[in-house]
Each structure stands twice: as structure tokens, then as C-alpha cells.
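Q: I have a structure to read. Can we go through it feature by feature, starting with a single residue?

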Amino acid sequence: MASFEYNGKAVDVDEDGFIEDPSVWNEELAKALAEIEGVTEMSDDHWKIVHYLRDYYKQFGIAPMVRKLCKETDTPLKRIYELYPSGPAKGACKVAGLPKPTGCV
Amino acid sequence: MPKEYKTPKLDELEKGPWPSFVKEIKLAAKKSEMSNDLLGQLEQSYNEKLGHWKHGGIVGVMGYGGGVIGRYSDLPDKYPSVSHFHTIRVNQPSGWFYTSDALRTICDIWEKHGSGLTNMHGSTGDMVFLGTTTDHLEPVFKDLTEAGWDLGGSGSDMRTPSCCVGPGRCEWACYDTLQRCYDITMRYQDELHRPAFPYKWKFKFAGCPNDCVASIARADISVIGTWKDDIRVDADQVKTYADEGLDIFNDVVLNCPAKCMRYDGEKKEISIDNKDCRRCMHCINVMPKALRPGVEQGATILIGAKAPIVEGALLSSVLIPFLDIDDEEEFEAFCDLIEEMQDVWCEEGKNRERVGEFIQRVGMGNFLEAVGVEPIPEMVAYPRDNPYVFYEDFYEDEDE
């Protein structure tokens with residue numbers, strides 16, 4: 001299993017860099033994960049997305065659909081890609097410490 | 001020194017006169033360790049009757065949410081060169097027209113960054129580049145875009161639209177499939193690259209009812225060329241076919257599904273009752289010099305096909321019987337309707353529910369009402385078999 005190191009600590013990640021155990025997530029880890037997804041600084045807008053994703057995941061056990069994410073956080077899809085250039089699934093969900101969304105080819 | 005795999009099962013697939021993907025992988029394996037390990041893993045899969053790819057990963061390039069499909073081997077220690085084997089979809093040109101220079105360029109790019117193996121073309125329509133590693137994704141994307149190419153769709157987005165060769169090569173094209181496929185691709189770039197739909201959404205453009213892109217079986221929106229008026233008949237050519245030995249009665253008239261043709265064997269004359277013609281193209285295909293589609297040409301818009309993945313297969317059924325889609329105003333109206341339908345589907349559709357399944361769930365009547373289209377008798381799943389009948393007025397009277 002691969003591991004991801006930040007500030008002298010290490011967490012287990014899968015081959016796509018998603019953390020394996022959602023419970024080890026913290027804001028410091030989020031900042032470090034954001035960096036590898038092309039986010040240089042976590043602004044309030046970045047955190048708003050992350051907190052929404054985490055709340056939704058805690059409640060329902062899955063990631064929300066993209067349209068719902070845009071609507072509920074009042075963030076157009078274009079803006080989400082500005083915040084997280086690798087997109088809501090690969091970027092934002094990874095930073096929020098959600099398990100890898102199961103996509104379709 | 002590259003490993004050499006014994007591949008008796010794969011070798012069977014090289015026999016016979018037809019093309020063989022095994023032959024191609026072996027050729028690529030001479031240059032690429034990745035293709036070589038692919039042979040090893042595939043032979044093992046054939047022996048065990050078990051696939052060795054993990055369920056899809058999430059990889060991509062910056063700015064895009066689709067276009068790359070993550071693929072990992074579950075035997076990375078045994079076949080290290082295919083531990084990553086990501087697929088890249090590259091948007092094909094309308095109708096798959098390439099210059100040889102363009103093909104050389106993309107093949108060079110792919111030999112530099114990937115296995116060198118391509119699938120020209122996948123059933124999606126895209127060029128499919130098979131096998132690369134995560135650290136090559138940004139560089140290959142950069143090289144492709146600098147050469148004028150772009151990635152295609154994947155995941156829950158608008159998939160890369162595709163079309164038949166249309167008026168570029170084919171006399172039956174009833175509208176400009178190449179142009180409209182390009183227009184839709186360019187107009188909906190966000191929808192193509194940034195997945196935000198409940199599930200995939202496919203457009204396929206076929207120039208005539210022969211439907212060479214099989215749009216009726218695969219596309220959520222099938223745009224199929226058709227004509228309104230009568231099949232054009234060249235009486236002299238009919239006689240020539242008869243003189244040359246074509247059995248017009250048995251091979252043309254009796255095969256007409258609508259039984260709307262008559263043949264006078266003495267005069268060697270064909271007559272067609274056009275109001276019953278089902279636009280099946282059979283007679284035109286058999287006698288292309290004698291019969292041609294009519295002159296009032298356009299397209300039929302059908303909705304809802306899908307291959308069986310989550311639910312069973314569906315064929316598209318008619319939404320708009322006739323649209324002069326070459327006309328700019330009618331094309332704009334078509335786009336407005338598309339956006340309206342996507343809005344309704346995105347708002348009410350479940351995760352991983354194709355629009356055809358969505359229509360089945362909510363009912364065609366409710367769907368039409370939501371998108372603002374009047375129900376008409378042409379909207380049938382099985383023509384001449386099950387007309388939709390709307391009893392709305394009747395029910396409303398009863399309720400009161």
C-alpha cells in the first residue's frame with residue numbers, strides 16, 4: 001500500500017492518492033492533499049466545499065452528485081474547477097478525505 | 001532483457017485470415033515493455049477465466065473531469081509494467097477523416113508516452129489510447145493539445161459526439177452529419193469535459209436510416225437522416241437492373257417490411273405507395289442506381305437508447321419526427337430542446353440513470369410535459385404497433 005507523507009506524518013493512500021481511512025482526516029492533511037491537486041492556498045471558498053462534502057458524506061455515506069454540490073454550496077461548476085483544477089471528484093473529494101468515488105468508465 | 005511469455009491461448013487468436021489484436025500487441029511488445037506485460041497478464045486471465053484489472057481508478061488532467069480512465073493491474077508485482085494501464089480517450093474528427101500526417105503525429109505522441117497501442121475506434125467513437133502511467137498524463141495531454149487534439153468524454157458527462165461519414169463520402173446523407181457533430185461538440189465543451197450529469201449522455205448523428213453509427217441502439221439522442229416526400233425512382237435504371245438479372249420481385253418487393261411496393265414484371269416497372277414507406281432503406285440499398293431518398297430531407301430525432309449496463313438495453317424512440325436540422329434556426333431550436341431535457345433529467349434523474357430509463361420511470365407523458373413538447377402519434381416505441389394514447393382530458397373530466 002502506498003503512503004502519503006505530510007509534516008513528518010504518514011497516512012495510507014490508495015493508488016490514486018485517496019486516503020484509505022476517512023477517520024484520520026484533519027485540516028492539516030487536507031492542506032497537504034490540496035497541494036498535490038494543484039491548490040496552492042486553501043481559501044474560505046475551498047473550505048466551504050470541503051465541509052459540505054464531509055457533512056454530506058457523514059450523513060449519507062456517499063459523495064453527493066456534482067449538481068447537488070454546486071447548488072447547495074452556491075458554487076457554479078466553473079468556479080469549482082477554478083478552486084480544484086482536477087475537478088470535484090478527483091480534487092475536492094480527495095482533499096475532503098472521502099473514499100474514492102466509484103466512477104464509471 | 002524483456003521477459004518472454006509463453007502465450008498458447010492468445011496464439012490461437014492469431015490464426016485465420018482476419019485481423020488479430022494479439023498480433024498487434026505482439027508487434028507493440030517488441031518496442032514496449034508495457035505491451036509485453038499486457039500479453040503475460042492477458043494469457044493468465046485466459047487461463048484462469050478471470051480479469052486482472054481492478055475496478056476503475058480516478059485519474060485525470062488539470063481542468064478536466066473526464067477523458068482519462070484509470071486502470072490498474074491487481075498483479076503489479078508479477079506484471080510491473082502494467083501496474084498502471086490508463087486509457088485516454090481522444091476526440092476524433094467528425095466522420096473519422098484523418099490525414100496520414102495527423103495519424104503519424106498522434107501515433108508518435110502515443111509511443112512516447114504510452115504503450116503505443118490504440119483502438120481505432122472505440123464504440124464511443126473516440127480514438128482510444130490504451131495504457132499509460134499517471135506521471136505521463138499531463139505530458140501526453142500537453143503534446144496532444146499542442147498538436148491540435150483534445151480529450152473526449154468519460155464518466156457522467158456528454159460523451160464525445162460521433163457521426164457517420166455523411167455527405168463527405170455518402171450519397172444517402174440527408175443532412176450534414178459532419179457539421180452538426182462538430183457544432184454540438186464545440187457548443188457543449190463544458191458538458192464534455194466536466195461531468196455533472198446523473199450519468200452519460202450520448203449524441204450520434206447518422207445521415208440516413210441505414211444508421212451506420214448504430215445511433216438507435218446506443219445514443220441517448222439519435223439524430224437520423226430521413227426524407228418527407230417520395231422515394232425518387234429512375235425508371236430506366238429499374239429496367240437495367242431487371243435486364244441484368246436482379247430478381248426485383250423477390251429481392252426487393254417481397255423484402256419490403258411495409259409491403260408498399262408493386263412490381264410489374266412485364267413492363268419492368270416499380271411503383272411505391274410512399275405514405276406507407278417505413279424508410280428502411282432496403283430497396284434503395286439493393287438498387288442504388290434506380291432508387292434514391294426524396295428531396296425534402298432532414299432528420300428524425302429519437303431519444304433514449306442505451307446498452308445494457310445497469311438496466312437492460314433500450315432502443316431510441318421518436319421524439320421529433322422531422323427537423324430540417326441543416327437550417328440554423330431549426331438547429332437552434334434543437335439545442336434549446338436538448339438543454340431543456342438535460343435540465344429536467346439532471347434535476348429529477350437518479351444517480352446513474354440514463355435518460356431513457358428516466359423516461360420509463362416517470363412516463364413519457366410526464367416527460368413531454370416537463371420539456372414542453374406536445375405528444376403526437378409518431379412518438380411510438382414500436383411503429384404501427386403501440387401508439388401512445390393520452391387520456392388526460394378524459395381523466396380530468398371524470399375527476400371533476
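Q: Is A:H46 buried or exposed, or what lies in between?
A: Count C-beta atoms, placed from the backbone: 20 or more others within 10 Å of a residue's own mean buried, 12 or fewer mean exposed, and in between is partly exposed. A:H46 is partly exposed because 19 C-beta neighbours lie inside 10 Å. This is a predicted model, where local features need pLDDT of at least 70, side-chain atom pairs count only at pLDDT 80 or more, and totals for chains, interfaces and linings use all residues. Residues are numbered from 1 along each chain as its sequence is written, while chains are lettered from A and ligands numbered from 1 in the order in which they are written.

Q: In which helix is A:H46?
A: Helices are DSSP runs (H or I, at least four residues), numbered from the N terminus. A:H46 sits in helix 2 of chain A, residues 44-60.

Q: Which residues does A:H46 touch, not counting those up to four places away in sequence?
A: Contact means C-beta atoms, placed from the backbone, within 7 Å. By that test, A:H46 touches A:V39 and A:L83, leaving out residues up to four places away in sequence.

Q: How many residues of chain B are in contact with chain A?
A: The contact involves 21 residues of chain B and 18 residues of chain A.

Q: How confident is the predictor in chain B?
A: pLDDT gives its confidence in each residue, from 0 to 100. Chain B has a mean pLDDT of 94, and 94% of its residues reach 70 or more. The model's ipTM is 0.92 and its pTM 0.93.

Terms used
Two residues are in contact if their C-beta atoms, placed from the backbone, lie within 7 Å. Helices (H or I, at least four residues) and strands (E, at least two) are DSSP runs, numbered from the N terminus.
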